[in-house]
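Open the model in your viewer and keep the selection panel at hand. The tour goes stop by stop.

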Amino acid sequence: MDLLTPSIGNIFWTTVVFLILVILLGKFAWKPILSAINTRETNIVDALNQVKLAKAEMENLKADNERIIREAKIERDAILKEAREIKDKIVGEAKDAAKTEGDKMIEQARQTITAEKNATMADIKSQIGELSVNIAESILKQKLDNNDAQNQLVENILNKSNLN
């Protein structure tokens with residue numbers, strides 16, 4: 001039983017060694033361990049704060065991206081609308097130019113037709129005049145073969161003309 005009951009000297013020296021160990025550990029081991037734990041805790045809190053900031057920044061970036069996409073769609077629609085308006089304007093101008101050019105060509109054709117018609121009418125009148133003179137000359141030659149017929153024709157013409 002002596003082995004199971006400690007002696008006072010044994011308790012004393014165990015206590016002294018334990019207290020020295022606690023003091024040494026408190027002085028050399030506990031402070032670095034506690035400072036390491038505190039540093040780690042601070043690092044974890046900082047990391048959590050940075051995660052919150054990053055999350056907020058990501059939400060802001062996401063909102064900015066959505067805004068930029070909406071603005072790009074609006075700008076795209078405006079550009080497409082402007083392109084359609086320009087296309088319609090160009091097509092309208094081309095139609096107007098074609099119509100104007102067509103009208104000019106039609107007017108020129110009308111003028112050409114009128115000029116040709118007038119020239120043809122003048123030519124026909126000239127030919128009719130020549131033909132009439134030739135016919136009259138032939139008829140007069142046949143009727144006026146004798147002098148009595150010629151005198152009678154001159155008297156008829158003088159009577160009709162009324163030389164006052």
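Which residue forms a salt bridge with Asp-88? Select Lys-87: Asp-88 pairs with Lys-87, and the closest N and O atoms are 3.7 Å apart. A salt bridge here is a side-chain nitrogen of Lys or Arg within 4 Å of a carboxyl oxygen of Asp or Glu.

Before moving on, some ground rules. This is a predicted model, where local features need pLDDT of at least 70 and side-chain atom pairs count only at pLDDT 80 or more, while totals for chains, interfaces and linings use all residues. Residues are numbered from 1 along each chain as its sequence is written, and side-chain values use heavy atoms, with hydrogens and water left out.

**The whole chain**

Zoom out. The protein chain has 2 helices and 0 strands; these are DSSP runs (helices H or I, at least four residues; strands E, at least two), numbered from the N terminus. The radius of gyration is 65 Å, well over the 15 Å that the globule rule gives for 164 residues, so the chain is more spread out than a compact globule. That radius is taken over C-alpha atoms, and the globule rule is 2.2 Å times the number of residues to the power 0.38. Along its principal axes the C-alpha trace spans about 205 × 35 × 20 Å.

Now colour by accessibility. Buried residues make up 1% of the 164 residues. Buried means under 20% relative accessible area, exposed over 50%, and partly exposed in between (1.4 Å probe, protein chains only). The chain exposes about 15,300 Å², and carbon and sulfur atoms supply 62% of that area.

**Along helix H1**

Select Leu-61, which lies in helix H1. At 40% relative accessibility, Leu-61 counts as partly exposed.

Ile-37 is partly exposed, because its relative accessibility is 49%.

**The charged pairs**

Side chains of opposite charge can pair when their charged atoms come close. A search of the whole structure finds 5 salt bridges.

Select Arg-76 and Asp-77. Their side chains meet in a salt bridge at 3.1 Å, N to O. Arg-76 is partly exposed at 47%, and Asp-77 is partly exposed at 41%.

Go to Lys-99 and Asp-103, whose salt bridge is 3.7 Å, N to O. Both lie in helix H1, 4 residues apart, about one turn of the helix. Lys-99 is exposed, with a relative accessible area of 54%; Asp-103 is partly exposed at 39%. For the last stop, select Asp-64, Arg-67 and Glu-71: salt bridges that share partners join them into one network.

Conventions:
Areas by Shrake-Rupley, 256 points an atom, 1.4 Å probe, with all protein chains shown as cover.
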